[in-house]
Amino acid sequence: MNSKVEASIRRAHSYLNEQYMTVQVEVREQLRETCEIQKWVFEDRLKSPESFASKLMTGRFQGYDIDDFYACTVVVPNLRGVSEAVKLVTECLDVIEKKPGDETKALPTSFGFDSVRLYCRTIPSVNQQKRSDLKFEVQIKTLLEHAWAKATHDFSYKGAEASWAKERLSAQIKAVLDNVDLSINEMENIAASKFLNRRNPNYEMLSQITTYLKSEFGTSSDEHGHDYKRMAENIKRILTRADISLDELKACMAEEERLGRGKKSVNLSLSSSLLLGLLTHQSEKMNQALKRKDSRRPVTIPLEVVEECDLDTKDFKDVSVLKHYKAT
């Protein structure tokens, strides 16, 4: 059953709700599409009459004007995305105030809600006569902050009971997640620590392969739509199976480029170009290896590579050959 709300508060809520619906439409036009492009989560809401009444009763506001009648949340993957999101909001909206500021009054032992909040107004368009004075809140959270807020909201922020134990547990969880967020943000520096960065031959070879791929095909895997780490794992598995060195792979690809293929190829993916190079210029080792059973994951060979090499695959073992697709 809905909570009872005084008629005077309901009237105020009804009026403000109508005003802020326009603000909601404008903010969605400004932020939601951009967030989707960045692969950030965008959420928003208008306060319910019950939530509006509850906030008025806190005594923090004069009259009916609260600062988050309309509020939206931008969720970014990690701490590095927070400053990017702040910049985006600043470009799209008129930011009046930011919390928390550059200084904090919180105790170092305090781990409560402290996400970035921007209090904003919309920027009037060319066709608008004047700016809207309606203020609203934009929260910017990391994925872990957002998960914590969602998971603990009912027993640490609002709820049906007051529990010291639950609020303490909520703060402890927040402290752990803050450290995780910080560790992710500082991963490059932490990973370089001599106490963590031990030698591992398997990963050293993977690193050498990814370095080669980036030097040959671009530093960003997104630039070519490739997952270099996964591709390096696949290549390493093939090189190990056929006892082919990375230097021999490089020589194969240099020869492929001389023939106008390799990274110059427009019909084959990078993965297939590498496989074609090995099958063409290390054919003896590759054929012997692919005819032997192997307990590791099968090697996948696309149809185009088979046709380009005129490859006889009937004696291959633990090899998946992609043939013409037939709908079932």
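**Group meeting: a cavity, a sheet and a helix pair**

Hi everyone, let's start inside: this predicted model holds one cavity of 30 Å³ or more. By cavity I mean a set of points, on a 1 Å grid over the protein atoms alone, where a 1.4 Å probe fits but cannot get out. About 40 Å³ of space lies in the largest cavity, the volume being the space filled by probe spheres set on the points, which are joined across faces, edges and corners.

Two quick notes on how to read all this. Residues are numbered from 1 along each chain as its sequence is written, and side-chain values use heavy atoms, with hydrogens and water left out. Since the model is predicted, local features need pLDDT of at least 70 and side-chain atom pairs count only at pLDDT 80 or more, while totals for chains, interfaces and linings use all residues.

So, which residues line the largest cavity? They are Y212, E216, F217, M253, E257, G262 and K263, where lining means having an atom within 4 Å of a point. α7 (201-217) and α10 (246-258) each supply at least two of the lining residues, and α7 has the largest share, three residues. By class, the lining has three nonpolar, one polar and three charged residues. Here Ala, Val, Leu, Ile, Met, Phe, Trp, Tyr, Cys and Pro count as nonpolar, Asp, Glu, Lys and Arg as charged, and the others, Gly among them, as polar. Helices (H or I, at least four residues) and strands (E, at least two) are DSSP runs, numbered from the N terminus.

Now the sheet, please. Five strands form an open, mixed sheet in the order β1-β2-β5-β4-β3; strands pair if DSSP finds at least two bridges between them. At the edges sit β1 (41-46) and β3 (93-99), each pairing on one side only. From one strand to the next, the twist averages 25°. Strands β4 (116-122) and β5 (136-142) run antiparallel, joined by five bridges, and Y119 stands opposite E137 in β5. Across β2 (70-76), β3, β4 and β5 lies helix α3 (79-92), at about 155° to β5.

Last stop: how do the axes of α11 (270-281) and α12 (283-290) cross? They come within 5 Å and cross at roughly 105°, on a scale from 0 to 180 degrees between N-to-C directions, with axes fitted to C-alpha atoms over the stretch in contact. α11 and α12 are therefore roughly perpendicular, a label for 65 to 115 degrees. In contact (heavy atoms within 4.5 Å), L275, L278, L279, T280 and H281 of α11 meet S283, M286 and L290 of α12. That contact has five nonpolar, three polar and no charged residues. Thanks, everyone!

Definitions and conventions: On a 1 Å grid over the protein atoms alone, a cavity is a set of points where a 1.4 Å probe fits but cannot get out, and a pocket is an open set with protein on both sides within 12 Å along at least five of seven lines; lining residues have an atom within 4 Å of a point. Angles under 35 degrees count as roughly parallel, over 145 as roughly antiparallel, 65 to 115 as roughly perpendicular and the rest as oblique.
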